[in-house]
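Please open the structure in the viewer and display the side chains.

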Amino acid sequence: MKLMLFIYMALLSPLFPAADQAPVALDDVCRAIGGGDIDQLVAAMDAEVELSILDEEDVYSREDAKQALNGFFAKFSPTSFGKVHQGASKSDDAEYCIGTLSTKNGSFRVYVYVAKKNNGVVLQELRFDRG
């Protein structure tokens, strides 16, 4: 009986989201960018994220996105992030933010796109372009 229960749980577990983190908001993602908090950014990411850093653009897994962000923030240590514009999709199932990331080596225009999910948001797209 225990074996059957274990098998059912193993088969059904991908259908239920992990409950190991509290829901995050778009403001949390923006604060993480301004602070260079890669772990918080990765925790907010969907299973795959579209990431564009200067001329490098691709769809990354969380782990690959973490490595790319580590490289970016190692070269460009953030000093502040300021929102320029924020909005929501017409269907109200997503939000976005455009802001300026100031670093010790210049500033960047940042585009953040999150989808609403499970009383919070998940990061689906992040772009860093020269300011």
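How many salt bridges does a search of the whole structure find? In this predicted model, the search finds nine salt bridges. Side chains of opposite charge can pair when their charged atoms come close.

Select Lys83 and Asp27 to begin. Their side chains form a salt bridge, with N and O 2.2 Å apart. Lys83 belongs to strand E3 (residues 78-88) and Asp27 to helix H2 (residues 26-35), so this pair ties together parts that are 56 residues apart in sequence. Lys83 is partly exposed, at 39% relative accessible area, and Asp27 is also partly exposed, at 35%.

Next, select Lys66 and Asp39. A salt bridge joins these side chains at 3.3 Å, N to O. Because Lys66 lies in helix H4 (residues 62-75) and Asp39 in helix H3 (residues 38-44), the pair ties together parts 27 residues apart in sequence.

Proceed to Lys116 and Asp92, a salt bridge whose closest N and O atoms are 3.0 Å apart. Lys116 is in strand E5 (residues 106-117), while Asp92 is in the loop between E3 and strand E4 (94-103). Lys116 has 36% relative accessibility and Asp92 has 45%.

Now select Glu50, Glu57, Glu125 and Arg127 together. Salt bridges with shared partners join these residues into one network.

Finally, select Cys30 and Cys97. Cys30 is buried, at 5% relative accessible area, and Cys97 is buried at 0%.

Methods
Residues numbered from 1 in each chain as written. Predicted model: local features only at pLDDT ≥ 70, side-chain atom pairs only at ≥ 80, totals over all residues. Heavy atoms only, no water. Buried < 20%, exposed > 50% of the residue type's maximum accessible area, 1.4 Å probe, protein only. Salt bridge = Lys/Arg side-chain N within 4 Å of Asp/Glu carboxyl O. Helix = DSSP H or I, 4+ residues; strand = E, 2+ residues; numbered from the N terminus.
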